[in-house]
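Good morning, and thank you for coming.

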Amino acid sequence: MERRSFLKKAAVGASVGAIAAPALAQSQPTINWRLASSFPKSLDTLFGTAEVFSKRVSQLTGGKLNIRVFAGGEIVPPLQVVDAVQNGTVEMGHTAPYYYFGKDPTFAFDCAVPFGMNSRQQTAWYEQGGGKQLLREFYKDYGIMNFLGGNTGAQMGGWFRKEIKTVNDIKGLKMRISAFAGKVLQPLGLVPQQLAGADIYPALEKGSLDAVEWTTPYDDEKLGFYKVAPYYYAPGWWEAGAQLALYVGIKEWEKLPKDYQYAIEAASYEAHVYMQAEYDAKNPAALARLIKNGAKLRFFSKEIMEASYKAAVTTMEEEASKNAKFKKIYEPYKRFQRDQNQWFSVAEAPMQNFMSSHK
């Protein structure tokens with residue numbers, strides 16, 4: 001009798017437990033957000049990373065937190081994502097933080113600085129080197145929480161109409177290039193140009209531009225730059241590991257149930273890994289196709305690299321001397337990068353150099 005009573009109670013308990021989990025999920029609110037991307041849908045890896053993130057958040061919340069992704073220009077212009085999140089036009093954004101160099105060069109540390117860390121080092125600094133804490137403090141002034149949003153890896157140095165062999169060849173060159181790199185190269189004679197993506201090819205074709213840098217072979221191939229500027233240079237020393245960011249408005253973040261916050265953080269890590277894997281997998285074949293179609297692969301000379309490095313250090317030090325926010329991140333960033341470079345020179349670089357010699 002006692003045994004039958006125990007089994008009956010146990011069965012009832014199990015039944016209640018089975019109902020409790022879905023009932024708890026159903027009690028959570030359904031929330032619909034909008035995410036403004038800085039990228040067009042045609043750049044499927046850059047834009048697609050936000051879609052991967054959105055889909056994963058929905059899965060992790062049982063379809064309760066739905067984030068609709070909008071391409072650059074659909075809600076706000078591509079370079080106004082920070083403003084849109086800050087003023088509450090959208091709840092989220094996905095962008096390259098160095099686009100906001102004009103607001104404050106400190107934004108670049110959440111993306112890439114000239115002769116900065118590679119993608120693995122950047123992630124290590126962000127996660128284990130104090131980078132996340134420093135950046136979160138910086139973003140508070142903008143009402144933003146930042147999360148990892150992908151990394152392109154080292155980018156290419158761009159497309160040129162003619163070969164660039166010496167520093168002298170840079171003088172007077174009109175180049176579409178990122179703001180930070182443009183500032184570094186101006187003392188060497190470069191004439192930096194800021195153009196939206198859709199305007200680059202026509203300007204190159206008409207001769208208004210002599211050169212352009214974009215991203216990696218996979219994306220560059222789609223834009224057809226090789227047809228008018230065949231010399232394809234490496235490396236893009238201003239983007240050794242360009243990290244993208246997912247932005248969430250702090251006010252909206254604080255309204256979310258904890259489970260939804262955890263979902264956003266977990267999904268951001270998955271999206272971060274996705275982007276790097278996509279580029280690493282697709283760039284080799286894209287580069288081979290570009291060369292087959294007429295692109296002429298070249299590498300910046302040691303003279304150009306050394307002059308650029310010297311100019312970059314001078315520019316960074318000058319910014320740190322007048323910008324307290326920049327300096328607060330720059331000093332620990334430098335120390336972490338120095339230690340990382342020492343470590344990579346011991347095992348990573350020699351191993352990679354050896355393997356590169358055995359094709």
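I shall begin with how the model is to be read, and then turn to its parts.

The model is a predicted one: local features need pLDDT of at least 70, side-chain atom pairs count only at pLDDT 80 or more, and totals for chains, interfaces and linings use all residues. Residues are numbered from 1 along each chain as its sequence is written, and side-chain values use heavy atoms, with hydrogens and water left out.

First, the overall picture. The protein has 13 helices and eleven strands; helices (H or I, at least four residues) and strands (E, at least two) are DSSP runs, numbered from the N terminus. Along the principal axes, the C-alpha atoms fill a box of roughly 95 × 50 × 45 Å. Of the 359 residues, 48% count as buried, where buried means under 20% relative accessible area, exposed over 50% and partly exposed in between, with a 1.4 Å probe and protein chains only. Contact means heavy atoms within 4.5 Å. Among contacts between residues at least 6 apart in sequence, 77% join residues at least 24 apart.

Let us now consider the sheets. Five strands form an open sheet with mixed pairing, in the order S2-S1-S3-S10-S4; two strands pair if DSSP finds at least two bridges between them. At the edges are strand S2 (65-70) and strand S4 (144-151), each of which pairs on one side only. From one strand to the next, the twist averages 25°. Strand S1 (residues 31-37) pairs with S2 in the parallel sense, over six bridges, and Arg34 has Arg68 in S2 as its bridge partner.

Which helices lie across S4 and S10? Helix H4 (residues 119-128) does, running at about 155° to S4, and so does helix H5 (residues 131-139), at about 130° to S4. For these angles, axes are lines fitted to C-alpha atoms, for helices over the stretch in contact, and angles run from 0 to 180 degrees between N-to-C directions.

The other open sheet that I shall describe has six strands, in the order S7-S6-S8-S5-S9-S11, again with mixed pairing. Strand S7 (191-193) and strand S11 (296-299) stand at its edges with a single partner strand each, so one side of each has no neighbour in the sheet. S5 and S9 run antiparallel and are joined by three bridges; Gly158 stands opposite Tyr233 in S9.

I turn next to single residues. Is Gly172 buried, exposed or partly exposed? Gly172 counts as partly exposed because its relative accessibility is 44%. Gly172 lies in the loop between strand S5 (158-160) and strand S6 (174-176). Leaving aside residues up to four places away in sequence, Gly172 touches Gly189, Val191 and Asp210. From Leu135, Gly172 is 37 residues away in sequence and 36 Å away in space, C-alpha to C-alpha.

Finally, two points about the backbone. Most residues other than glycine have a negative phi, and most peptide bonds are trans. Phe115, which is not a glycine, has a positive phi of about 55°; its place is in the loop between strand S3 (92-95) and H4. Ala234 and Pro235 are joined by a cis peptide bond, with omega about -5°. Pro235 is in the loop between strand S9 (231-234) and S10.
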